[in-house]
Amino acid sequence: MPWHARAVRRLLLTAGLAVAGLGALTACSGVPADPIDAARDLPDAPAWVMSSSGTDCGTAEMQGAGPLPAAALRCLRTASDRGDGATFAWTAATTDGDPVPTFLRTTAAGVSIASTGAWDSSGASGWSESACTGGLMSVTRSGCGG
């Protein structure tokens, strides 16, 4: 076999191994298939995230900034108007593509948000919680607006 044929063969073999290795790394990245469910099971999750009560307004996968989905806001407002608590959860990806699950709840006391960076490879890994003093109207995909 001529030297250039061996070189091409070696290059193709190396490229194949690199692609196979990349697949293995992706499979071992530790990111759960459902980050919202996995976040609820984290030992340091807030109690209200682990076992939510009231109306379940669903979950969503979101991108970018902006308001919450209209259907989720309607559900949260309807429950609030009835005097019931409600929850909604969403996942947004970081610029690196890592999922950040966020949970919102409404109660008679107001609106709270909790999120975890447990799977954020370049950010804080713990939970953050905040009260939205502006109520539901102040909530965006990135948290409390005021």
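How many nonpolar, polar and charged residues does the lining of the largest cavity have by class? The structure examined here is a predicted model, in which local features need pLDDT of at least 70 and side-chain atom pairs count only at pLDDT 80 or more, whereas totals for chains, interfaces and linings use all residues. Residues are numbered from 1 along each chain as its sequence is written, and side-chain values use heavy atoms, with hydrogens and water left out.

The protein chain contains four helices and seven strands, taken as DSSP runs (helices H or I, at least four residues; strands E, at least two) and numbered from the N terminus; their order from that terminus is α-α-α-β-α-β-β-β-β-β-β. Of its 146 residues, 32% are buried, that is, under 20% relative accessible area with a 1.4 Å probe, protein chains only.

One cavity of 30 Å³ or more is present, a cavity being a set of points, on a 1 Å grid over the protein atoms alone, where a 1.4 Å probe fits but cannot get out. The volume of the largest cavity is about 40 Å³, a volume being the space filled by probe spheres set on the points, which are joined across faces, edges and corners.

The lining of the largest cavity (residues with an atom within 4 Å of a point) comprises Arg40, Trp48, Val49, Ser52, Thr87, Phe88, Ala89, Phe103 and Leu104. At least two lining residues each come from α3 (47-50), β2 (86-93) and β3 (99-107), with β2 giving the largest share, three residues. By class, the lining has six nonpolar, two polar and one charged residues, where Ala, Val, Leu, Ile, Met, Phe, Trp, Tyr, Cys and Pro count as nonpolar, Asp, Glu, Lys and Arg as charged, and the others, Gly among them, as polar.

Technical notes
Buried means under 20% relative accessible area, exposed over 50%, partly exposed in between (1.4 Å probe, protein chains only). On a 1 Å grid over the protein atoms alone, a cavity is a set of points where a 1.4 Å probe fits but cannot get out, and a pocket is an open set with protein on both sides within 12 Å along at least five of seven lines; lining residues have an atom within 4 Å of a point.
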